[in-house]
Amino acid sequence: MTESVDRVSQKVISLVGVTKRYGDVTAAHDVTFDVYAGEFLVLLGPSGCGKSTLLRLLCGLDSVDAGRIERNGTVLSGESVCVPPEARGISLVFQDNALFPHMTVWNNVAFGLANQPKEAVAERVAEMLDLVRLRDVATRYPHELSGGQQQRVALARALAPKPSIVLLDEPFSDLDRSLRIGLREEVRAVLRSTGTAAILVTHDQEEALALGDRIAVQNDGRIEQVATPEALFGNPASRFVAEFIGATDFLAGEIASNGILTEIGALQQETDAPIGTAVEVAVRPDDVTLSPDPAAAATVVSRSFNGMSNVYRIRLPSGAFVHSLQPHTLSLADGTAVRVKVEPGHKLAYFPNHGGSR
Ligand code: ADP
C-alpha cells in the first residue's frame, strides 16, 4: 500500500519488523506500525503478550534483535544502533508514577530540564503545572498528593522537555474506577491540547476503546491488527481480536448461498468463502435478541445485572452458549425457556471453524 507524502512526513515513530527474543521466548515478533503526529495510539493485549517489551525497546532500555525503530526518520534502534534513553526525545509515565519522593512537585517537573536557563525552566514548569491544574500544590511533596494528582505531576514531568512522544505504561490501573475514568479523559485532553503523540499500554479493552485514536492489538509477541476502535470492534481481523474485544461468543455456522446458517437462524450477509465452509461467527450480546416462549429449546442459564442493562447467558440446544443484552426492565428467572435470534443489523465477522464451536 502506498502512503501519501503528507502521511509519511507526519510519522513520529515507526517500528519496522521489530523482533526481540529472551531465550526461547519471542516477546516481540516482527512488529511493524507507525504512530503519527498528535496521535493517541493504544497498545492492547493480555498480560505477557509483549507490551512492556515494546515499551522498553522504544525507550532504549533494551536493544532489538532485528528490525528498527525510527523517530522522525532517524534510526533510534537497529542493527548496531541503540541511542541511549536520554537522547531519544521519548518520555515515559509509569503505572506507579515514579515521582521523586524527596522533591517538591515543582522540582519533579523541572527535573528533565536541568540543562536549560533558570528563567526558561521556571516558565516551562509553570506552564506544565497550569496544564494539569496543579500550580497551587507546586511546593508539596508527592506523598501529600492524591493518586490522581501524582499521575498528573508525572504527566507534567513527562511533557516538560517537549518530547516527540510520551509512552504511558498502564498509568491508570492503580486508581479506583471513578478516578480512573476522570483522569484518563483529562490526560487525553492534555495530550491533545499539546499535540503530543502518545502510546498508552493497557490490557483493558474498555480503556483502549474509550481512548485510542487507533488501537494496536498484540498477541504472543505479534501485532494482530492496528485500526480505529470502531474498525477493530466491527471488523476484527482475527479470532483473537474478536475474542479479546467486546464480550464475544462464537457460534458454529455454515456458509450458504445468501449468508451463514447457524442453529439460531440464517444471517443474511455477503460472504467470501465457498458454500458449505464451516465457520465460527463472532456474536456479541447486542446482536442477540430473545423472547420468553415455553415451547423454545434455549434456556436462560444466568443473568448479570449491570444497572442499566441485563446480560443473559443462554444455553442453546447444541450446548453452545450465547449472551444477550436486554433492558434492565426485563427480568427473567434462570431456567426460563427463550426464543433466541441473531439480529445484528450489520455484518458479523466470521472465521474458519477448525474444531467446532465451544
Ligand atoms: P506484557 O507487558 O504484555 O505483560 P512482557 O513484555 O512483560 O509482556 O513479556 C513478554 C514475554 O517476554 C513474557 O513471556 C515474559 O516472560 C518474557 N520476558 C519479558 N522480559 C524478559 C526478560 N528480561 N527475560 C526473560 N523473559 C522476558
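## Around the ligand and across the sheet

An oxygen atom of the ligand sits 2.9 Å from an N or O atom in the side chain of Lys 51. Keep in mind that this is a predicted model.

| Residue | Protein atom | Ligand atom | Distance |
|---|---|---|---|
| Gly 48 | backbone N or O | oxygen | 2.6 Å |
| Lys 51 | side-chain N or O | oxygen | 2.9 Å |
| Arg 56 | side-chain N or O | nitrogen | 3.2 Å |

On its own the ligand has 560 Å² of accessible area, and the protein covers 59% of that. Two elements, β2 (25–36) and α2 (51–59), each give two or more residues to the shell around the ligand. The largest share, four residues, comes from α2. Among the residues around the ligand are Tyr 22, Val 25, Ala 27 and Pro 46, along with Ser 47, Cys 49 and Thr 53.

Six strands make up an open sheet with mixed pairing, in the order β7-β8-β9-β3-β10-β11. The edges belong to β7 (90–93) and β11 (222–227); each has a single partner strand, so one side of each is left without a neighbour in the sheet. On average, neighbouring strands here are turned by 20 degrees against each other, ignoring direction.

Within that order, β3 (residues 40–44) and β9 (residues 197–202) run parallel and are joined by five bridges. Val 42 has Leu 200 in β9 as its bridge partner. Helix α5 (residues 147–159) lies across β7 and β8 (165–169), and runs at about 170 degrees to β7.

Technical notes: Residues are numbered from 1 along each chain as its sequence is written. This is a predicted model: local features need pLDDT of at least 70, side-chain atom pairs count only at pLDDT 80 or more; totals for chains, interfaces and linings use all residues. Side-chain values use heavy atoms; hydrogens and water are left out. A residue is near a molecule or strand if one of its heavy atoms lies within 4 Å of it. A polar contact is a pair of N or O atoms within 3.5 Å; within protein, one must be able to donate a hydrogen and the other to accept it, and residues adjacent in sequence count only if both atoms are side-chain atoms. Accessible areas come from the Shrake-Rupley method with a 1.4 Å probe; for residues, only the protein chains shown count as cover. Two strands pair if DSSP finds at least two bridges between them. Axes are lines fitted to C-alpha atoms, for helices over the stretch in contact, and angles run from 0 to 180 degrees between N-to-C directions. Contact means heavy atoms within 4.5 Å.
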